[in-house]
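Reader: Good morning. Could we go through a protein model together, one topic at a time?

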Amino acid sequence: MNRVTIGQRVQRVSASVNLENPTNEMGKSNVSAWATVVYVHPAGRFHMVEFDGGLRESFAGATE
């Protein structure tokens, strides 16, 4: 697997917000959405993405 880089567009599933219906509190969604990588931990432990709309969320690892 390839390591993600800052600025790369990736598809992720948000664990905290239902991206199809953002007004649903803590709604779980298994729908992936496009996001931009905004941070990658130097040791590759996690990366942070920003979904279209401004929501940021961290994911384990640093691979696609």
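Author: The conversation below takes up the chain, a strand and several side chains of this predicted model.

Reader: Which secondary structure elements does the chain have, and how many?

Author: The chain has zero helices and four strands. Along the sequence, the pattern reads β-β-β-β.

Reader: What share of the residues is buried?

Author: Of the 64 residues in the chain, 30% are buried. The accessible surface of the chain is about 4200 Å², and carbon and sulfur atoms account for 52% of that surface.

Reader: What about contacts between residues 24 or more positions apart? What percentage do they make up?

Author: Among the contacts in the chain with a separation of 6 or more, 41% are between residues 24 or more positions apart.

Reader: Let us turn to strand β1. Which side chains point to which face?

Author: Strand β1 covers residues 9-12.

Reader: Why do they alternate?

Author: In a regular strand, side chains alternate between the two faces of the sheet.

Reader: And which strand pairs with β1?

Author: β1 pairs with strand β2, residues 33-40, in the antiparallel sense, and the pairing runs over four bridges. R12 stands opposite A33 in β2.

Reader: Now the loop between β1 and β2. Is S14 in that loop buried or exposed?

Author: S14, which is found in that loop, is buried, because its relative accessibility is 3% and the cut-off for buried is under 20%.

Reader: Which side chain does S14 make a polar contact with?

Author: The side chain of S14 is joined to that of E57 by a polar contact of 2.7 Å.

Reader: Why is the pair called tilted?

Author: Planes under 30 degrees apart count as stacked and planes over 60 as edge-to-face, so the pair of Y39 and F46, at 40 degrees, is tilted.

Reader: What are the relative accessibilities of Y39 and F46?

Author: Y39 has a relative accessibility of 35% and counts as partly exposed. F46 is also partly exposed, with a relative accessible area of 27%.

Terms used:
Residues numbered from 1 in each chain as written. Predicted model: local features only at pLDDT ≥ 70, side-chain atom pairs only at ≥ 80, totals over all residues. Heavy atoms only, no water. Phe/Tyr/Trp six-rings, centres within 6.5 Å; stacked < 30°, edge-to-face > 60°. Buried < 20%, exposed > 50% of the residue type's maximum accessible area, 1.4 Å probe, protein only. Helix = DSSP H or I, 4+ residues; strand = E, 2+ residues; numbered from the N terminus. Pairing = 2+ DSSP bridges. Contact = heavy atoms within 4.5 Å. Areas by Shrake-Rupley, 256 points an atom, 1.4 Å probe, with all protein chains shown as cover. Polar contact = N/O pair within 3.5 Å; in protein donor to acceptor, adjacent residues only side chain to side chain.
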